[in-house]
Amino acid sequence: MTSSDATLQALERFILDGIPLARAMQVSIAGFDGVHLAMTAPLAPNINDKGCAFGGSLASLMTLAGWALVESMLRGRGHDCDLFVADSTVRYLAPVWGDLRAEARLAPGGDWSPFFATLDARGRARVDVTCVLPGDDGKPAASLEARFVAKRRA
């Protein structure tokens with residue numbers, strides 16, 4: 001972990017305490033360098049009948065990693081917001097036979113500045129995030145493109 005270890009641990013605890021699915025999946029934040037956030041989960045609680053990772057677990061882990069990326073950026077700038085996934089597209093490209101690792105980042109061509117300027121001006125803003133779950137061959141086993149919406153709490 002980078003960023004502030006205490007900050008990431010607090011975010012991880014918030015996720016595990018507030019989202020029963022995340023707790024059941026045994027997710028953890030593996031690292032955040034200010035640009036990329038990695039989240040992991042062991043295969044065992046996320047396995048399907050074929051012995052590989054359940055597709056719903058892949059989608060959930062990537063969504064949680066994207067959410068945690070945006071939430072980390074919000075918290076880092078002192079914003080108190082409700083954060084929602086507005087829409088997403090998932091692509092399943094190959095089976096995952098081991099532990100899961102999702103890597104989230106701002107979508108290509110994206111910029112945090114307009115997101116925070118809009119949030120400051122309007123009290124709500126949206127941002128696009130991409131997430132990949134690397135496969136054994138170095139190519140993505142799954143990918144997610146998602147739009148998240150932050151709304152300042154009253």
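## Strand partners in the sheet

Q: What is the bridge partner of R105 in β5?
A: That's T130, in β5. This is a predicted model, where local features need pLDDT of at least 70 and side-chain atom pairs count only at pLDDT 80 or more, while totals for chains, interfaces and linings use all residues. Residues are numbered from 1 along each chain as its sequence is written, and side-chain values use heavy atoms, leaving out hydrogens and water.

Q: What makes β4 and β5 a pair?
A: DSSP has to find at least two bridges between two strands (E runs of at least two residues, numbered from the N terminus). β4 and β5 are joined by 4, running antiparallel, so they pair.

Q: How do you know that β2 and β4 pair too?
A: Same test: 5 bridges link them, in the antiparallel sense, and A41 has L100 as its bridge partner in β4.

Q: Why are β1 and β3 at the edges?
A: The open sheet of 6 strands goes β1-β2-β4-β5-β6-β3, with antiparallel pairing. β1 (28-32) and β3 (81-92) each have a single partner strand, so one side of each has no neighbour in the sheet. From one strand to the next, the twist averages 25 degrees (angles run from 0 to 180 degrees between N-to-C directions, with axes fitted to C-alpha atoms, for helices over the stretch in contact).

Q: What does helix α1 touch in the sheet?
A: Helix α1 (residues 5-18; a helix is an H or I run of at least four) packs against β1 and β2, where touching means heavy atoms within 4.5 Å. The direction of α1 makes about 150 degrees with that of β1.
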